[in-house]
Amino acid sequence: MKYHRRLQRQLCELNLDQKVLDIIAPLLHMVDNSYKVMDADMQHAETILEESSKELYLRNLQLKNNVEEVTSQLTKVASNIKDVIFEIDLSGRWSYLNSAWEEMTGLSVKESIGKSIEECLKNVNGKPYSNLLDLHNPEANTFNRTLESLGKNGDRIWLEFTIKGIKSDSGKVEGYIGTIVNITNLKLTEYELIKAREKEVKANKAKSEFLSTMSHEIRTPLNAVIGIAHLLLIENPKQEQIENLSTLKYSSEHLLGVVNDILDYDKIAAGSLELEKANFSLKQVLNTVQSIFTNKASKKGISFQIKKDSLLQDTMIGDSTRLSQILTNLVSNAIKFTEHGTVSLEVEVLNETENNTKLLFSVNDTGIGIESDKIDKIFESFAQAHVSTTRIYGGTGLGLAICQRLLQLMGTSIKVESTPNVGSCFSFELDFRKGNPIASILQEENNSALGTNDLEDSKKLQGYKILVVEDNKINIFLIEKFLKKWGVDYDVAIDGKVAVQYAFKKEYDLILMDLQMPVMNGYDASLAIRASESIHNQTIPIYALSASTGESIKKDLLSHGMNGLICKPFNPNELYHTISEILIGNVKENT
């Protein structure tokens, strides 16, 4: 019998006789079958292994192709990125750089790999950044820093250098990755913006100084013109002179209004205008508007009236001066642009609570009106709806712009409805806190006590002693005229040095101090008076009487010991009120 080759070989090696072979024949048969089964199993396993090897090969080949494809794509992406992408080992040497490195520095990627950062990155002096990486403390090498360096052409460039540590599973730093971004254009733009800002600051400062200087130069002669016009009108002029003097007074006050508009607009634009929050009588504000414009409207042959809501309360908390300025401007414009018909100011209560009230102010006219496409333009600075408006009606084109800015500071704005040749309505809403009626009554009584009527002939100030510090002869002439008329005992000092000498020799109730004078200016003179050992000189009211206006003048006055500012040119009646409030109020406080 023929057995499996392995069994046959083993039997030959044993050299058994036939008798033995016959005896173990059943066993040999079983072994033979086992070898045959094992061969079949081995063949099957080899077949499976061969198939698996082929599949593994194909998978490896596919994976290799995918890796090459991804690597190619990443290489293309990295090569097309304008920013440098890098990898650095723990010794601070480049282990990877994309092609943007060559474009940024002019150095070859191949030559740079393996070199240290110090060899490749230089500052503007051509010296290496020796302290850029801390090789002794790998954890510290994670940061973002701006570097000034030299480009491939030797020009100055700014680089944003960002680096981050690569950590193993155990958290140990094994190397670094990062980016280098050329931010030169951004830096240059930043420097240009800084330069532009510096120029703007200088220009604004120059503008403020110019406006302050021009204000002083214009207001000083205006003070003389307005003051003399007042004097002539109260000194029994001839009937044929009254019209001329009234025209002179009106023209000078109109010019003053133009100057004030420009200065107010500059203050608002500079953000230096502060709104007052104080008790005031709305009735008094409206009565003042009524008294100003009733005659003016009547002279044009039109009517002007104020309509008040029956629910309107009198005392509010706010800035009555700025509210008056807005109402005066709107009513003045309405009368200016109305030739026939009526102008009205209406005040309506929109909403009311225990502590607050919302009011709607409306100024209506039957004037020339405004085209709808021109309405936005009238709120622009120095702009009119038509180029002919200034020529026909006058004005700077600043009034409405100032009103709009003031109302924006108050948290509201002007609304306009207008039809050409029919009329216009300018309106705005304002929220007020309700004021203290008692304070309003006391204010009215105080105004009455100070001589609201016939101020020029009042003797309420008789016996008070005032030191006037002024170097302008015309201004001295004017103020002497009024002080004499009011019965005031006064002295005049022509400069700050003389004023200090006078204050040390004599006790005054008030000092009116000009600011710009030769020898010693008003600021230094005030400081010298305050530095006196005399308690009286340390507490005497010192008010600047000046045509100078500027953003910081109030702070300057306080820092030099002055109590406030009386602006020139002054209205004699208003000057009387102010001096009376200072002196009589001061006496009440001292008593």
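# Close-up views of a predicted model

**View 1. Helix α12 and its buried residues.** The residues of α12 that are buried are Gly399, Leu400, Ala401, Ile402, Cys403, Gln404, Leu406 and Leu407; buried means under 20% relative accessible area, exposed over 50%, and partly exposed in between, with a 1.4 Å probe and protein chains only. Helix α12 is thus described as mostly covered, with 8 of its 11 residues buried. Helices (H or I, at least four residues) and strands (E, at least two) are DSSP runs, numbered from the N terminus. Just after α12, Gly411 adopts a positive phi of about 90 degrees.

The model is predicted: local features need pLDDT of at least 70 and side-chain atom pairs count only at pLDDT 80 or more, whereas totals for chains, interfaces and linings use all residues. Residues are numbered from 1 along each chain as its sequence is written, and side-chain values use heavy atoms, with hydrogens and water left out.

**View 2. The crossing of helices α10 and α12.** The axes of α10 (residues 320-336) and α12 (residues 399-409) come within 10 Å and cross at roughly 145 degrees. Axes are lines fitted to C-alpha atoms, for helices over the stretch in contact, and angles run from 0 to 180 degrees between N-to-C directions. The crossing of α10 past α12 is left-handed, a term used if the near helix is turned anticlockwise from the far one by less than a right angle; clockwise would be right-handed. From α10, the contact involves Arg322, Gln325, Ile326, Asn329, Leu330 and Asn333, and from α12 it involves Gly399, Leu400, Ile402, Cys403, Leu406 and Leu407, contact meaning heavy atoms within 4.5 Å. These contact residues of α10 and α12 comprise 7 nonpolar, 4 polar and 1 charged. Ala, Val, Leu, Ile, Met, Phe, Trp, Tyr, Cys and Pro count as nonpolar, Asp, Glu, Lys and Arg as charged, and the others, Gly among them, as polar.

**View 3. The parallel sheet β14-β13-β15-β16-β17.** An open sheet is formed by 5 strands in the order β14-β13-β15-β16-β17, and the pairing is parallel; two strands pair if DSSP finds at least two bridges between them. Strands β14 (489-493) and β17 (564-567) stand at the edges with a single partner strand each, so one side of each is left without a neighbour in the sheet. On average, neighbouring strands of this sheet are turned by 25 degrees against each other, direction ignored. Strand β13 (residues 465-469) pairs with β14 in the parallel sense over 5 bridges, and Leu467 stands opposite Asp491 in β14. Helix α14 (residues 473-485) packs on the sheet and touches β13, β14, β15 (510-513) and β16 (542-546). The direction of α14 makes about 170 degrees with that of β14.

**View 4. The salt bridge between Asp491 and Lys506.** In the salt bridge of Asp491 with Lys506, the closest N and O atoms are 3.1 Å apart; a salt bridge is a side-chain nitrogen of Lys or Arg within 4 Å of a carboxyl oxygen of Asp or Glu. Asp491 lies in strand β14 and Lys506 in the loop between α15 (496-505) and β15, so the pair ties together parts that are 15 residues apart in sequence. Asp491 is partly exposed, with a relative accessible area of 22%, and Lys506 is partly exposed at 30%. By the stated rule, the count comes to 15 salt bridges.

**View 5. Two salt bridges between strands.** Lys307 forms a salt bridge with Glu346, with the closest N and O atoms 3.8 Å apart. This pair links distant parts of the chain, 39 residues apart: Lys307 in strand β7 (residues 303-308) and Glu346 in strand β9 (residues 342-352). Lys307 is partly exposed, with a relative accessible area of 38%, and Glu346 is partly exposed, with 31%. Glu429 forms a salt bridge with Lys358, with the closest N and O atoms 3.9 Å apart. Here the distant parts of the chain are 71 residues apart, with Glu429 in strand β12 (residues 423-434) and Lys358 in strand β10 (residues 356-365). Glu429 counts as partly exposed at 30% relative accessibility, and Lys358 counts as partly exposed at 28%.

**View 6. The surroundings of Ser532.** Ser532 lies in the loop between α16 (522-530) and α17 (535-539). At 9% relative accessibility, Ser532 counts as buried. Not counting residues up to four places away in sequence, Ser532 touches Phe504, Asn537 and Gln538.
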